[in-house]
Amino acid sequence: FSSVDTAVSQVMGVRIDYNVLVNFQGFEKAIDTVGGVTVDVKEPLVDATMAWENGNNPVLMPAGVQTMDGKKALLYARSRHSSSDFARSERQRQIIMALKEKVLTTDILSNPIKLVSLSQSFGDTFYSDLSTDAAQRLFMITKDIGGDQIKSLDLVTGDHSLVMTDHVGDISVVRPKLGFEMYSDIQAYIAQNLRDGFILRENAGVAVVAPTEENAKQELTVLKGLGYTTTGALKGNTTGSAQAVLIDLSSGHSPYTLHYLENHYGKARPASAIPSNVIVPTGTQFVILLET
């Protein structure tokens with residue numbers, strides 16, 4: 001489990017505390033236990049290679065809103081007959097979200113008998129590094145979160161098409177478009193769209209001052225990629241320090257942002273260190289001074 005956490009963290013730039021693994025058998029049983037799931041199928045899913053599992057019918061799923069039992073949902077999630085493996089992943093995401101909605105919008109979680117039945121349906125098909133206490137705590141945190149408050153991201157659509165298929169020897173793999181083990185674009189996209197909750201809540205403006213506007217803009221792009229609210233890239237004479245300098249103008253109102261920036265830059269200076277020829281934009285609570 002620790003290897004999974006480490007690998008996902010490396011790619012996404014997000015710390016992973018726990019994970020849950022469920023195999024296909026548990027997936028099917030869980031859906032049957034909750035009475036099926038409802039999914040809006042955007043276009044017919046036709047796969048002649050799986051027709052034998054569907055009563056010799058190659059149309060695994062017609063278009064439209066469909067209620068699926070476990071077997072149908074598994075066919076829908078497993079089929080590889082589509083535009084790409086990414087489309088298959090999107091179908092799997094649809095099923096997972098539909099299962100989550102079914103569990104949260106019925107009385108399953110408040111009904112001990114149904115809850116035990118759901119838990120038992122997984123049996124030895126379910127693996128997690130969550131303790132029982134941690135799972136109960138996670139439920140208390142998430143039980144009132146509606147589907148409209150859950151955000152899903154993909155890495156293959158439009159201006160955030162960031163991964164591609166490739167081969168390592170005879171093995172088909174998915175890798176960043178930037179190159180193998182080059183995850184900066186993926187991490188920036190995730191940070192911008194799934195911003196840290198404390199940074200989002202404080203919404204503290206950060207400005208960058210550097211000897212050249214180009215250097216300031218480059219650093220501002222880095223900060224935006226990390227999810228910070230930025231207020232401006234400014235040209236100005238800095239301190240001459242080889243290390244970036246962090247100036248706190250927040251008067252203690254944004255402690256979490258200060259903590260994260262201190263971890264990132266490793267140094268803080270008083271507000272008087274702002275270059276005399278620089279006027280920071282309104283709403284700026286932190287200033288980063290760069291020598292280069």
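Strand β9 (residues 205-210) is mostly covered, six of its six residues being buried, where buried means under 20% relative accessible area with a 1.4 Å probe and protein chains only; helices (H or I, at least four residues) and strands (E, at least two) are DSSP runs numbered from the N terminus. This is a predicted model, in which local features need pLDDT of at least 70 and side-chain atom pairs pLDDT 80 or more, while totals for chains, interfaces and linings use all residues. Residues are numbered from 1 along each chain as its sequence is written, and side-chain values use heavy atoms, with hydrogens and water left out.

In a regular strand the side chains alternate between the two faces of the sheet. From β9, Gly205, Ala207 and Val209 point one way and Val206, Val208 and Ala210 the other, and all are buried. Six bridges join β9 to the parallel strand β10 (residues 229-235), with leucine 234 of β10 as the bridge partner of valine 209.

Aspartate 5, in helix α1 (residues 2-12), is buried as well, with a relative accessible area of 10%. Its side chain makes a polar contact of 2.6 Å with that of asparagine 19, a polar contact being a pair of N or O atoms within 3.5 Å, one able to donate a hydrogen and the other to accept it, with residues adjacent in sequence counting only if both atoms are side-chain atoms.

The lining of the second largest pocket divides into twelve nonpolar, eight polar and four charged residues, and α7 gives the most to this lining, with five residues.

Technical notes: Buried means under 20% relative accessible area, exposed over 50%, partly exposed in between (1.4 Å probe, protein chains only). Ala, Val, Leu, Ile, Met, Phe, Trp, Tyr, Cys and Pro count as nonpolar, Asp, Glu, Lys and Arg as charged, and the others, Gly among them, as polar. Two strands pair if DSSP finds at least two bridges between them.
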